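Here is a friendly note to read alongside the structure. Please keep the model open as you go through the points.

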Amino acid sequence: MSLKFFPLPTKFTLRFVASTSPNDSNHSLFPSFSHLSFKFPDSNFRFSSKTHHPFPHPLLAIPPNSPAPSSDDQSEESKVAQEALSQFLQEFGVSEHDSAFISRNSPRYLKMLVDGVRELDELKLLSSWRTEGKELKGFSEKVRYMAKAKGDNGKVAFMESVVGLSLSSAMNVARYLSAETLPGLIDKVKYMKEILFSDSNDGGFLGKNARRMMMHLSIPVDEDIQQTLSFFEKIEARRGGLDMLGSNEISLCYLVESFPRILLLPLDSHVSALVELLEDFGICGEFIRYILLLFPPIMFYDIEVIKNRVIFFKKLGVEKKGIGKLLRKYPWILSTSIQENYKDVVAFFDKEKVPKSGVDRAIRSWPHVLGCSTTKLKLMVEEIGKLGVRNKRLDQVICKSPQILLRRPQEFIQVVSFLEDLGFDRETIGNTLGRCPEIFATSIDKTLKRKFEFLSATGVSEVHFPRVIRKYPELLVSDVGRTLLPRLKYLKDMGLSKKDIAFMVRRFSPLLGYSIDEVLRPKLDFLINTMERPITDVVEYPRFLSYSLEKKIKLRFQVLKERNIKCSLEEMLGKNDEEFAADFVDVGMASESSPSHAQ
């Protein structure tokens with residue numbers, strides 16, 4: 001039956017008897033009433049109900065997640081309600097400034113109070129309520145009493161306004177933090193903001209690393225990592241995704257919602273000690289917040305527990321000064337599931353004839369390997385083995401580029417097929433893998449295709465691609481804009497045509513890897529100004545750029561000059577010491593230095 005037609009007397013007494021049972025399982029923020037009795041003057045009318053539920057719904061007049069009131073709705077009643085809430089918060093020791101901020105920025109909580117007062121006022125229930133022997137008068141007193149009746153002591157309003165939680169989440173978290181004082185929570189949140197969100201512009205670094213850790217995780221995980229994954233998933237669902245992990249406006253509310261225990265931690269005795277420990281590991285500034293946000297459960301670890309888990313790093317051959325670097329790369333390395341997977345990874349590679357020292361070196365470079373199951377590793381090792389890379393060669397590959405182990409087999413196969421389509425045979429591909437495994441961990445569209453397009457634009461035809469890459473596979477992982485183009489421009493500025501440069505690249509592609517200042521400029525300067533040869537001579541013999549200027553080019557030029565001998569660059573430099581001496585020097589001349597790499 002609707003209350004609209006219910007014959008209520010105009011005068012009555014309302015009596016609440018609160019339950020004090022310590023075993024009360026009710027988790028509401030509202031007072032629990034074991035007996036609710038309405039007593040009317042007419043003794044023949046009485047309604048009584050036993051209940052173990054929270055106060056009926058009028059106190060929660062709007063759903064927890066209903067839309068917040070419009071910011072333009074600043075009625076006089078709303079202003080009075082804000083002031084009443086502010087005064088209520090000050091009763092718990094909150095400063096006037098903080099209380100005003102909270103009351104202005106908790107619209108859903110304030111609307112819940114106001115609507116509750118309105119509904120009960122319409123039923124004329126509040127007019128007979130008394131508190132501390134005084135009758136409640138005025139809208140402001142009713143709002144304050146309603147706030148008091150909630151039993152959260154202002155924590156819900158604080159969680160909505162400062163932390164940014166929805167009303168329902170704020171109620172859940174406030175219940176969890178019931179033993180904490182409101183001023184204490186304010187101090188803790190301010191401290192957490194300072195160490196975690198002092199600089200919200202991380203350039204996407206946090207999001208990139210969070211996604212990488214999630215992507216390369218294929219082992220059963222412990223509760224700490226599982227909770228961290230849930231935290232990441234909440235942020236990923238928001239606009240901006242994990243790139244907003246370092247944002248105070250987005251990340252803080254999900255951090256507190258996922259890890260409410262953070263606000264139970266004692267600041268001085270624990271959190272500050274944790275920060276000091278991380279600093280002792282060589283981690284400071286923004287990297288501390290990176291670690292704490294990428295692996296929040298570390299904040300709950302006892303300091304001695306962290307120190308004991310760091311002992312694990314010694315197995316990897318990591319000294320104290322390297323601990324911080326490893327933690328910055330992979331904070332999850334402190335979790336039990338990651339550390340337990342280490343022995344499985346070492347045992348797997350032992351069967352593949354890869355020494356532990358090589359495995360440890362790979363993990364130090366890319367600790368994400370510890371998040372991979374041996375099943376996944378086996379699939380990649382099998383694909384690598386199909387190219388003839390096994391045992392010692394496999395050791396060399398994973399030491400140079402351990403990230404190749406994190407690739408999906410299908411991605412690796414796609415790179416192999418791409419090279420085969422360009423005319424590379426399996427042996428060349430295997431040799432390329434052994435020399436520059438980074439190639440097989442790159443993107444076909446974003447990296448490899450761009451490099452071959454660069455070669456085509458240079459004037460190198462596709463038929464010459466295998467020869468060019470076989471001699472200098474590092475070209476495929478070189479930066480076009482910052483490395484390759486400046487070198488081509490320098491050669492062009494020296495007077496070489498596009499055709500000349502293409503011919504040089506076809507014959508000796510490693511020249512694209514030589515530094516302009518340390519190799520190209522000093523050697524070409526010596527060729528033109530000292531040897532008095534035309535720049536076109538280097539087109540016929542681009543390998544000239546590979547020889548040591550001080551130990552070979554200058555010495556042999558001096559010998560030829562003294563004997564007034566004219567010869568090509570290839571005749572001058574292409575012979576070994578014995579051949580050069582036999583052709584150009586008197587018998588008995590001391591042998592000079594052997595061929596070496598460019599310096």
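Are Phe-231 and Phe-259 buried or exposed? Phe-231 is buried, and Phe-259 is buried too; buried means under 20% relative accessible area, exposed over 50%, and partly exposed in between, with a 1.4 Å probe and protein chains only.

1. Before you start. This is a predicted model, in which local features need pLDDT of at least 70 and side-chain atom pairs count only at pLDDT 80 or more, while totals for chains, interfaces and linings use all residues. Residues are numbered from 1 along each chain as its sequence is written, and side-chain values use heavy atoms, with hydrogens and water left out.

2. Aromatic pairs. The count comes to 19 aromatic pairs. Rings of Phe, Tyr and Trp (its six-membered ring) pair if their centres lie within 6.5 Å; planes under 30 degrees apart count as stacked, over 60 as edge-to-face and the rest as tilted. Phe-231 and Phe-259 make an edge-to-face pair, with 5.9 Å centre to centre and 75° between the planes. This pair links distant parts of the chain, 28 residues apart: Phe-231 is in helix 9 (residues 223–236), and Phe-259 is in the loop between helix 10 (248–258) and helix 11 (267–280). Helices (H or I, at least four residues) and strands (E, at least two) are DSSP runs, numbered from the N terminus.

3. A second pair to find. Phe-312 and Tyr-342 are also edge-to-face, at 5.3 Å centre to centre and 90° between the planes. Phe-312 lies in the loop between helix 13 (303–310) and helix 14 (320–329), and Tyr-342 lies in helix 15 (residues 336–351), so the pair ties together parts 30 residues apart in sequence. Both Phe-312 and Tyr-342 are buried.

4. A cluster and two charges. One aromatic cluster is formed by Phe-231, Phe-232, Phe-259, Phe-300, Tyr-330 and Trp-332. Over the face of Phe-300 lies Arg-261, 4.1 Å from the ring centre. Likewise, Arg-556 lies over the face of Phe-580, 4.4 Å from the ring centre. A charge sits over a ring if NZ of Lys or CZ of Arg is within 6 Å of the ring centre and within 35 degrees of the ring normal.

5. Helix 16. Which residues of helix 16 (residues 356–365) are buried? They are Gly-358, Val-359, Asp-360, Ala-362 and Ile-363. The buried residues of helix 16 pack against helix 14, helix 15 and helix 18 (391–400), where contact means heavy atoms within 4.5 Å.

6. A serine in helix 6. Ser-169 lies in helix 6 (residues 167–176). Ser-169 counts as buried because its relative accessible area is 11%. The side chains of Ser-169 and Ser-166 are joined by a polar contact of 3.2 Å. A polar contact is a pair of N or O atoms within 3.5 Å; within protein, one must be able to donate a hydrogen and the other to accept it, and residues adjacent in sequence count only if both atoms are side-chain atoms.

7. Two asparagines worth checking. Most residues other than glycine have a negative phi. Asn-153, in the loop between helix 4 (139–150) and helix 5 (155–163), has a positive phi near 55°. Asn-391, in helix 18, has a positive phi of about 50°. Asn-153 is partly exposed at 31% relative accessibility, and Asn-391 is partly exposed at 39%.

8. Cysteines. The structure holds zero disulfides, a disulfide being a pair of cysteine sulfur atoms within 2.5 Å. Cys-399 is buried at 18% relative accessible area, and Cys-436 is buried at 2%.
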